[in-house]
Amino acid sequence: MSSEEPLAGSSVNSEEPLADSSMNSEEPLAGSSMNSEEPLAGSSMYPADHDEPVGTPAFTARPVAAEAAPDQAAPTTLSTAQDVPVERPVQVDTGVFDELTRQRAREIIARYPQSRSALLPLLHLVQSAEGYVSQAGISFCAELLELTTAEVSTVATFYTMFKRRPSGEHLVSVCTNTLCAALGGDEIYATLCKKLGVGHEETAGRPGSPGSITLEHAECLAACDLAPVLQVNYEFYDNQTPQSAVALVEALQRGERPAPTRGAPLTDWRNTELQLAGFFGEPQQLRDAVDGPSAAPETLAGNRLAEERGWQAPAMPDNPPPLPTVAEKK
Amino acid sequence: MTERTLTPVLTRRWAAPKSWTIDTYTRLDGYTALRTALAADPDRLIQLIKDSGLRGRGGAGFPTGMKWGFIPQAKPGEQPTGPAAKPTYLVINADEGEPGTCKDVPLMMADPHSLVEGCIITAYAIRAHRCFIYVRGEVVHCLRRVHNAVNEAYAAGYLGKNILGSGFDLDIVVHAGAGAYEAGEETALLNSLEGFRAEPRLKPPFPATSGLYAAPTVVNNVETICTVPYIVNGGSEWFRMMGREKSPGPKIYSISGHVQRPGQYEAPLGTTLRELLELAGGTKGELKFWTPGGSSTPLLTAKHLDVPLDFEGAAEAGSMLGTTAVMVFNTTVSVPWAVMKWTEFYEHESCGKCTPCREGTYWLTQILQRMVRKEGTPSDVETMLDVCDNIFGRSFCALGDGAVSPIRSGIKYFRQEFLDLCAQQPGQHKQAVLSGSAR
Ligand SMILES: Cc1cc2nc3c(=O)[nH]c(=O)nc-3n(C[C@H](O)[C@H](O)[C@H](O)COP(=O)(O)O)c2cc1C
Ligand code: SF4
Ligand code: FES
């Protein structure tokens with residue numbers, strides 16, 4: 001949605017004051033894309049359908065479900081109150097969610113003492129089924145948890161991982177937080193923008209079709225010692241360069257699935273979302289995925305050095321010492 | 001300890017083949033502390049952790065034993081009332097998101113069973129029968145490893161009903177987040193876990209009495225809890241052989257950026273940057289600025305090479321220990337640019353609940369972007385400091401305080417660099433200042 005040149009300068013964002021809050025890009029005062037309770041945040045937190053900017057190259061088609069579900073303008077309280085009665089019975093067909101998905105939803109809810117705790121995993125489940133958080137998905141969660149669609153929307157719009165538009169087969173997230181950026185992350189992101197012809201949270205190719213890729217810049221991914229990093233479907237590709245990143249997305253576009261540096265054999269974004277909802281497949285599948293590599297040389301740097309130099313922590317006593325008695329009180 | 005070296009305790013198993021499996025874990029002394037703990041009086045376990053001086057590894061450094069001691073417990077033989085009558089919860093903060101911080105993720109990937117064992121011992125000590133591990137959503141491999149470890153622990157009888165015949169029951173649920181830095185703030189995390197937006201709650205009441213589902217709750221960081229089994233096995237005296245009086249124990253320092261060998265280095269608390277750099281093979285280029293513990297801890301410079309990096313030492317130097325995320329930057333990196341990037345982060349992650357942070361981070365970002373575009377004026381520096389004064393101490397949670405750290409410290413040590421940007425004509429040297437990407 002960032003309509004400006006994605007490649008101006010090597011630091012993409014610096015030319016685009018609002019590149020981060022793409023949802024709010026018309027509203028200089030909205031401040032943060034998370035402020036959906038703010039009257040200024042615009043008429044809809046779901047610009048997916050009717051607000052879709054003309055000329056966005058990303059969206060050539062939308063799935064049927066989205067078509068069939070005239071956007072209810074995600075009733076986020078104040079901002080939508082004047083156009084849409086918040087509690088209007090939602091005429092969204094949740095029939096797109098099959099029995100297996102419903103069964104899984106019930107399993108998720110059963111994990112928690114209070115059903116509402118299931119909301120985040122349920123939204124991950126919705127994404128695994130639909131490729132984004134659709135209106136039907138919002139209604140689905142609302143029905144199951146006996147919440148209003150407004151209550152679900154306000155949560156769905158808060159979290160970065162919940163996508164409001166149909167996503168690609170793969171999600172490529174490039175860390176552009178300071179450390180990675182200084183080591184080349186900005187350059188990698190800019191290169192991929194150009195290569196794919198898209199900006200933040202836009203999709204190259206028809207969403208969901210084989211080889212389609214949604215690109216995003218991400219905040220620190222907790223892998224700074226391996227900077228610059230990127231992820232495909234939240235699996236780590238460490239120590240990247242613009243060249244390696246381009247090679248990676250080209251391979252993805254060809255339908256290949258290069259193995260992550262740390263992580264399980266690559267599947268697709270929707271499958272990862274299913275895992276985030278807590279479904280890892282058959283026990284054997286989980287075991288195989290679990291065994292995907294993890295310990296990068298960086299991870300083990302201190303460990304190896306200690307071994308080399310014969311350094312150890314002070315030795316523990318042979319047996320655990322007796323526990324202390326409880327100091328005064330009681 | 002006079003000679004400071006590495007002290008692998010939490011990282012000790014990481015290089016073992018398939019370190020994440022229960023077989024490797026038990027072969028390397030795993031689940032031995034659990035047996036000791038389950039045979040003990042829970043109050044004496046809490047006392048042990050108090051005696052050890054263990055402080056929270058999630059950033060704030062709160063004494064862990066004291067936190068556990070705040071959980072209201074019914075007196076023996078009496079009918080519990082008030083909060084003590086409610087179930088107690090243990091919630092693990094595995095939402096690692098502070099820029100620069102990358103210790104919990106490798107820890108959970110390499111040795112998830114140490115977290116599981118720590119959870120069982122902690123839950124037993126605080127009398128919780130439900131534990132939630134809230135893992136940041138973007139690290140699916142980590143989630144997988146923790147999930148698998150929990151499964152293995154159930155199969156081995158370390159979780160579920162009547163653990164090892166002790167009569168103690170515990171269930172662990174692994175929960176994935178959905179991308180929000182603020183969800184790492186402990187009360188926002190509880191809101192998120194309850195299925196709400198990750199906005200913080202007013203304190204008091206504190207989670208110890210009114211946490212998850214308004215019931216008594218302990219929220220601890222991953223590294224904190226992973227340390228617990230070692231203290232049970234080694235005792236508090238052993239633990240205090242590492243680190244310093246008020247900040248005892250080993251700590252995982254995550255060194256990133258312009259160093260020869262970035263990575264995870266576990267050393268006693270109080271280790272200095274000079275020592276860490278030695279371990280990491282020295283800097284790449286000339287050291288310019290660094291953070292002791294993530295972007296929310298004020299920047300330090302080459303003048304601070306000998307600051308002992310523990311809670312007291314970092315504070316005396318005008319910064320904070322934070323998460324011991326040591327990000328090292330050399331002279332190719334522009335301070336105003338780095339500060340701008342971090343401020344963009346805080347702006348994006350501000351939850352929007354309170355005005356100083358929501359509006360302040362927005363406007364600070366605008367000003368910094370303008371400066372980096374060389375369209376700023378010298379008065380912008382004062383304006384930013386003024387905005388910072390209106391955020392710091394006036395925000396609802398610590399994110400706001402953290403957001404001003406890079407700006408205030410950046411200006412404190414590198415004011416001229418901000419002013420120089422203003423002096424330049426628009427467009428001049430643009431590439432050099434914006435890039436920051438020279439390696
Ligand atoms: C904005 C913000 C983000 C935080 N993120 C994390 C985090 O990702 N992990 C963590 O353990 N603590 C985080 N904290 C600190 C927690 O609020 C809390 O202090 C900590 O989890 C307590 O555990 P500890 O005592 O074991 O350190 C964050 C705090 C703030 C204000
Ligand atoms: S300081 Fe205020 S706006 Fe910022 S994250 Fe905390 S509560 Fe939200
Ligand atoms: S800054 Fe990129 S992973 Fe931390």
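In which loop of chain A does Ala222(A) lie? Ala222(A) is placed in the loop between S3 and S4 of chain A, where helices (H or I, at least four residues) and strands (E, at least two) are DSSP runs numbered from the N terminus. The phi angle of Ala222(A) is near 60°, a positive value in a residue other than glycine.

The structure is a predicted model, in which local features need pLDDT of at least 70 and side-chain atom pairs count only at pLDDT 80 or more, while totals for chains, interfaces and linings use all residues. Residues are numbered from 1 along each chain as its sequence is written, chains are lettered from A and ligands numbered from 1 in the order in which they are written, and side-chain values use heavy atoms, with hydrogens and water left out.

The loop between strand S3 (213-218) and strand S4 (230-232) of chain A also holds Pro228(A). The peptide bond from Ala227(A) to Pro228(A) is cis, with omega near -10°. In chain B, a cis peptide bond with omega of about 0° links Pro204(B) to Pro205(B). Pro205(B) belongs to the loop between helix H8 (186-193) and helix H9 (207-210) of chain B.

Helix packing was examined with axes taken as lines fitted to C-alpha atoms, for helices over the stretch in contact, and with angles running from 0 to 180 degrees between N-to-C directions. In chain A, helix H3 (residues 99-110) packs against helix H4 (residues 119-130) at an angle of about 165°, the axes being 10 Å apart. H3(A) is therefore roughly antiparallel to H4(A); angles under 35 degrees count as roughly parallel, over 145 as roughly antiparallel, 65 to 115 as roughly perpendicular and the rest as oblique. The crossing of H3(A) past H4(A) is right-handed; a crossing is left-handed if the near helix is turned anticlockwise from the far one by less than a right angle, and right-handed if clockwise. Contact (heavy atoms within 4.5 Å) is made by Thr101(A), Arg104(A), Ala105(A), Ile108(A) and Ile109(A) of H3(A) and by Pro121(A), Leu122(A), Leu125(A) and Ala129(A) of H4(A). These comprise seven nonpolar, one polar and one charged residues; Ala, Val, Leu, Ile, Met, Phe, Trp, Tyr, Cys and Pro count as nonpolar, Asp, Glu, Lys and Arg as charged, and the others, Gly among them, as polar.

In chain B, helix H15 (residues 379-391) and helix H16 (residues 398-423) pack at an angle of about 160°, with their axes 10 Å apart. H15(B) is thus roughly antiparallel to H16(B), and H15(B) passes H16(B) in a left-handed crossing. Residues in this contact include Met384(B), Leu385(B) and Cys388(B) of H15(B) and Val404(B), Ile407(B) and Ile411(B) of H16(B). By class, the contact of H15(B) with H16(B) has ten nonpolar, one polar and five charged residues.

Between the chains, the axes of helix H9 (residues 269-276) of chain A and helix H7 (residues 140-155) of chain B come within 10 Å and cross at roughly 40°. H9(A) and H7(B) are therefore oblique to each other, and the crossing is left-handed. Thr272(A), Gln275(A) and Leu276(A) of H9(A) meet Val140(B), Leu143(B) and Arg144(B) of H7(B). This contact has three nonpolar, two polar and one charged residues.

Ligand 2 is surrounded by 13 residues, counted where a heavy atom lies within 4 Å of the molecule. The closest are Pro200(B), Cys351(B), Cys354(B), Cys357(B) and Cys397(B). The shell around ligand 2 has seven nonpolar, four polar and two charged residues.

Over all chains, 31 salt bridges are found, each a side-chain nitrogen of Lys or Arg within 4 Å of a carboxyl oxygen of Asp or Glu. Arg12(B) forms a salt bridge with Asp29(B), with the closest N and O atoms 3.9 Å apart. Arg12(B) lies in the segment before helix H1 (22-27) of chain B and Asp29(B) in the loop between H1 and helix H2 (32-38) of chain B, so the pair ties together parts 17 residues apart in sequence.
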